[in-house]
Amino acid sequence: MFLDKIVVTKREEVAQLKQSTSIAEMEKTIAALPACLGFEKALTEGRKRKTGLIAEVKKASPSKGLIRADFDPVLLARAYEQAGTDCISVLTDVQYFQGANEYLSRIREAVRVPLLRKDFTIDEHQIYEARMIGADAILLIAAILTTEQIRDFMALSRDLGMDTLVEVHDAEELERVLTLDATLIGINNRNLHTFVTDLRTTEQLIGQIPAGKTIVSESGISGVEDIAYLQQVGADAVLIGEHFMRKPSVTEAVRELMGPLAAAVKE
Ligand SMILES: O=C(O)c1ccccc1NCC(=O)[C@H](O)[C@H](O)COP(=O)(O)O
């Protein structure tokens, strides 16, 4: 599976990270940082529309190659903020998504929107790193982690002040995640073997999730009818990258797809 290849790369990156920085050093830096912004809160009680939005800053992907040639992460993040996104996801993986830690750090300086570090986390060093570069939340992908790792990584993230988005692709992963106290669950509509997206994945899995969880439908979302369908099946929020990245005006694209801000929070 393609994810196995990514994990091999991540192991190499983690080995390098461990050589360059110790956890004690990272803890020292983190102690001087301001508190995180509430990522999960922005998608629940703070959300600006009926359906919450995590808008993604995504230059390229393994399935599509280069998505946006005129890629300026800070301008894109500002445009998302202007459009009233609840949260922003920033891909930091270099090899497969042409992302960078630096993109997230620069975006952190430029916007006041909670940020998700979108990467393939397999080791606690990466969690300290995420906090150091300015993340408010990290993604934990059940397909590449044991249940115990997810539990430990959630606890560490919480200790560092960050939220976690725990992502599942199928019923087996969901069953494992539901044994934990994860409150923010992502359902990824992308088949990891074929890369094909099918929004019915959200509908198939959401029925197994008890009330009280915040559900984010991820990948392959591009039409107003998709948002209506996902609302109808019970998704609380959506995570969208490619659709926005292919539009000349990201601000207009968000407004067209997600609609106006709810009256209570209109400026
Ligand atoms: O985007 C890919 O091709 C991809 C391939 C393999 C693993 C993960 C992948 N994407 C990560 C994501 O979860 C998406 O960037 C995110 O959900 C946004 O999806 P989209 O709106 O379809 O760009």
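Helix 7 buries Ile150, Phe153, Met154 and Ser157 (buried: 20 or more other C-beta atoms, placed from the backbone, within 10 Å of the residue's own; exposed: 12 or fewer). These residues cover an arc of only 105° around the axis, which puts them on the same side of helix 7. The arc is that of the directions from the helix axis to the C-beta atoms. The model is predicted: local features need pLDDT of at least 70, side-chain atom pairs count only at pLDDT 80 or more, and totals for chains, interfaces and linings use all residues. Residues are numbered from 1 along each chain as its sequence is written.

**Helix 7**
- Glu148 and Asp159 are exposed on the other side of helix 7.
- Helix 6 (124-133), strand 6 (137-141), strand 7 (163-168) and helix 8 (171-177) are among the elements covering its buried residues (contact: C-beta atoms, placed from the backbone, within 7 Å).
- Gly161 follows helix 7, with a positive phi near 95°.

**Ligand**
- The shell around the ligand has 18 residues; Ser61, Ser63, Ser219, Gly241 and Glu242 come nearest (near: C-beta atom, placed from the backbone, within 6 Å).
- Strand 10 (237-240) and helix 11 (242-245) are the elements that give two or more residues to this shell.

**Whole protein**
- The protein has 12 helices and 10 strands (DSSP runs numbered from the N terminus: helices H or I, at least four residues; strands E, at least two).
- Of its 267 residues, 44% count as buried.
- The C-alpha atoms fill a box of roughly 50 × 40 × 35 Å along the principal axes.

Notes
Contact = placed C-beta atoms within 7 Å.
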